[in-house]
Amino acid sequence: MDSIINFVKNYVVWLNIPEFTITDVLEILIIAYAFYHIILWIKDTRAWMLLKGMFLLGIIFLAALLLDMNVILWVFQNAIVVGIMALVVIFQPELRGALEQLGRKNILGSLASFENQKAKRERYSGKSIQALVKSVYEMAKVKTGALIVVEREIQCREYERTGIPIDAEISSQLLINIFEHNTPLHDGAVLLRDNRIVAATCYLPLSNNLEVSKELGTRHRAGLGISEVSDSLTIIVSEETGFVSLASDGRLYRKVDADTLLLRLEEIARRNPEDKKRKWWRGWKKNEE
């Protein structure tokens, strides 16, 4: 009890609350608005994964500071300047895109739609999922090659710009028509985002994973490559065998059946939050190559 009284006498009694003015309130609102949109931008890009890595490095730095690890502290102090320059170079496309969005942004409209952000974050409806699964396995029956990127949290804006804008509802007929042989849009990847086909003929980064089977072509390497730089789920239909493969988290899973694909898409859409114990890879793990 005495320690509490002493704490109040020494610190609380002499605590001065600064005066608040209209300017202070405006500054807080502007900073909060800026931080909110910066966090949204980071979450929709590869910078989100980098931020988690930086958080881990921050924990290591604090541990080194508390334990007086001079060598680790010296490494951090000498690497910070080079690290900042490297971040600017690595994320130059994302930074450019963020500045472009800032120039096009309707600030008043953004404030008015603040309450609707949660509804807009809904990813894929049951109708979209059914149309996607139907189109994939109809193309697989006739061995029509396809490459479909299903976005999750991280938006693939950099690769979207390499394709042709579509901005249409997801439908099996449209997807099948896009990948039909000898059509202008069949070459490249289709990008899906929030119940929409946003772009076609997108060019994706190829994976350099040496463990990938040599019998797999560019389509599979591109699907694996985009899964290494984003959290997307990529669906690949082989033109040679008609097999359906999935690429996720830098891993390639082959010979996936319709039920497994449906389950995976439902998990992405968060339509089965209570079914967390089911593992979508169990049905085809034996076929993984």
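## Helix H8

In this predicted model, the buried residues of helix H8 are Ser-128, Ile-129, Ala-131, Leu-132, Val-133, Ser-135, Val-136, Tyr-137, Met-139 and Ala-140. These buried residues pack against strand E1 (146-150), helix H10 (172-178), strand E3, strand E5 (233-237), strand E6 (244-248) and helix H12 (258-269). An α-helix has 3.6 residues a turn, so residues three or four places apart point the same way.

The length of H8 can be checked against its residue count. At 1.5 Å a residue, the 16 residues of H8 should span 22 Å, and the end C-alpha atoms are 23 Å apart, which agrees. After H8 comes Lys-143, which has a positive phi near 55 degrees.

## The cavity

How many cavities of 30 Å³ or more does a search of the whole structure find? The search finds one. The space in this largest cavity is about 50 Å³. Its lining consists of Tyr-124, Ser-128, Ile-129, Leu-132, Val-150, Ile-170 and Leu-265.

Helix H8 (residues 126-141) gives the largest share of this lining, three residues. Sorted by class, the lining has six nonpolar residues, one polar residue and no charged residues.

H12 has 12 residues, and the distance from its first C-alpha to its last is 16 Å, close to the 16 Å expected at 1.5 Å a residue.

H11 has 12 residues and reaches 17 Å between its first and last C-alpha atoms, close to the expected 16 Å. In H11, His-220, Arg-221, Ala-222, Gly-223, Leu-224, Gly-225, Ile-226 and Ser-227 are buried. Their cover includes E1, helix H9 (157-160), E5, E6 and E7.

## Strand E4 and its partners

Is strand E4 (residues 196-202) mostly covered or mostly uncovered? E4 is mostly covered, with six of its seven residues buried. E4 pairs with strand E2 (residues 164-169) in the antiparallel sense, over four bridges. In this pairing, Glu-169 has Arg-196 of E4 as its bridge partner.

Strand E3 (residues 189-193) also pairs with E4 in the antiparallel sense, over four bridges. Here the bridge partner of Leu-191 is Ala-199 in E4. E3 and E4 form a hairpin with two residues between the strands, and in this hairpin Asp-194 takes a positive phi near 50 degrees.

## Residues in loops

Most residues other than glycine have a negative phi, and most peptide bonds are trans. Asp-68 is not a glycine, yet has a positive phi of about 60 degrees. Asp-68 lies in the loop between helix H3 (47-66) and helix H4 (70-90). Asp-68 counts as exposed because its relative accessibility is 53%, and the cut-off for exposed is over 50%. Lys-255, in the loop between strand E7 (251-253) and H12, also has a positive phi, near 55 degrees. At 33% relative accessibility, Lys-255 counts as partly exposed.

Where is Asn-209 found? Asn-209 is in the loop between E4 and helix H11 (218-229). With a relative accessible area of 23%, Asn-209 is partly exposed; the cut-off for buried is under 20%. Leaving out residues up to four places away in sequence, Asn-209 touches Arg-221, Leu-224, Glu-228 and Gly-250. Among these, Arg-221 and Leu-224 are buried residues of H11. Asn-209 and Arg-251 are 42 residues apart along the chain, and their C-alpha atoms are separated by 9.6 Å.

## The whole chain

The protein chain has 12 helices and seven strands. Of its 289 residues, 34% count as buried. Among contacts with a separation of 6 or more, 65% are between residues 24 or more positions apart.

Key. Residues numbered from 1 in each chain as written. Predicted model: local features only at pLDDT ≥ 70, side-chain atom pairs only at ≥ 80, totals over all residues. Heavy atoms only, no water. 1 Å grid on protein atoms, 1.4 Å probe; cavity = no way out; pocket = protein on both sides within 12 Å on 5 of 7 lines; lining within 4 Å. Points joined across faces, edges and corners; volume = space filled by probe spheres on them. Nonpolar A, V, L, I, M, F, W, Y, C, P; charged D, E, K, R; others polar. Buried < 20%, exposed > 50% of the residue type's maximum accessible area, 1.4 Å probe, protein only. Pairing = 2+ DSSP bridges. Expected span 1.5 Å × (residues − 1). Contact = heavy atoms within 4.5 Å.
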